[in-house]
Amino acid sequence: MNPTAVITVDAEPYPFEFTPTTCALLIIDMQRDFLEPGGFGEMLGNDVSKLRGTIAPNQKLLAAWRAHGLTVLHTREGHRPDLGCLPPAKKLRGRSPTSIGDHGPMGRILVRGEAGHDIIPELYPQFGEAVIDKPGKGAFYATDLHAIMQNRGIKQLIVTGVTTEVCVNTTVREANDRGYDCLVPADCVGSYFPDLHDAGLKMIKAQGGIFGWVSHSHPLLAALQ
Ligand code: TIU
């Protein structure tokens, strides 16, 4: 594999062309708060075990990206310990007895620095991989992700993580409006709701790829062999 040459992989609605050195792997919110019991995901009433199938395919893609020295970016959804970046509307929504900032089994829910906010050990960031702390669902809103991508010459993104229709979809839409191409490998993204996962992927690839491309990790891994 020549990392500066254009690679073409099978995707919908049509093949995706990318240059590995200018294409980052952006892993969205693979945090204990979403994938382990006792965190934000469970607080919202979800069965967090539904997301765990995304871990193994993400590990393989991450290993391939690292093996070639390509750019890896991680995001975490969460808020400052003083909750200064938490909109009151977000705190109130859901009307659950415990909410963001309250104490749970993994520390304060969705708060930076707490155990639950951290990335799961299976996909833990390495030195040199940027970790973007975001207060919202999209990875560009109120973060330095755009600056980091520009400084590193990143033009395209492979977007993985959780959840498909929430933070992955919002981030793909934000990236699209900033001029970036996004490919989403379907096995590397997950949702608590299978029907919303399917709809989330359909929305990305509809209308000639209105927001981007949808594929699978297999053609990407084969291309990086
Ligand atoms: N609730 C839900 O499905 N997701 C989120 O709140 N955040 C992310 O998707 N990361």
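In which sense do strands S3 and S4 pair, and over how many bridges? Strand S3 and strand S4 (residues 72–77) pair in the parallel sense over four bridges. Strands count as paired if DSSP finds at least two bridges between them. Helices (H or I, at least four residues) and strands (E, at least two) are DSSP runs, numbered from the N terminus.

This is a predicted model, in which local features need pLDDT of at least 70 and side-chain atom pairs count only at pLDDT 80 or more, while totals for chains, interfaces and linings use all residues. Residues are numbered from 1 along each chain as its sequence is written, and side-chain values use heavy atoms, with hydrogens and water left out.

**Strand S3**

Strand S3 also pairs with strand S8 (residues 156–162), in the parallel sense and over six bridges. Leu25 has Ile158 of S8 as its bridge partner, and Ile27 has His74 of S4. In a regular strand, side chains alternate between the two faces of the sheet. On one side of S3 lie Cys23, Leu25 and Ile27, on the other Ala24, Leu26 and Ile28, and all are buried. Buried means under 20% relative accessible area, exposed over 50%, and partly exposed in between (1.4 Å probe, protein chains only). Because six of the six residues of S3 (residues 23–28) are buried, the strand is largely enclosed by the rest of the structure.

**Helices H6 and H7**

The axes of helix H6 (residues 164–177) and helix H7 (residues 194–209) come within 9 Å and cross at roughly 10 degrees. H6 is therefore roughly parallel to H7; angles under 35 degrees count as roughly parallel, over 145 as roughly antiparallel, 65 to 115 as roughly perpendicular and the rest as oblique. Axes are lines fitted to C-alpha atoms, for helices over the stretch in contact, and angles run from 0 to 180 degrees between N-to-C directions. The contact (heavy atoms within 4.5 Å) involves residues of H6 including Asn169 and Val172, and residues of H7 including Gly200 and Leu201.

**Backbone details in loops**

Two peptide bonds are cis, as the table lists.

| Cis peptide bond | Omega |
|---|---|
| Glu12 to Pro13 | about 10 degrees |
| Val162 to Thr163 | near -10 degrees |

Pro13 lies in the loop between strand S1 (7–9) and strand S2 (16–18), and Thr163 in the loop between S8 and H6.

Leu110, which is not a glycine, has a positive phi near 60 degrees. Leu110 is buried, with a relative accessible area of 0%. Ala142 has a positive phi of about 60 degrees, but counts as exposed at 55% relative accessibility.
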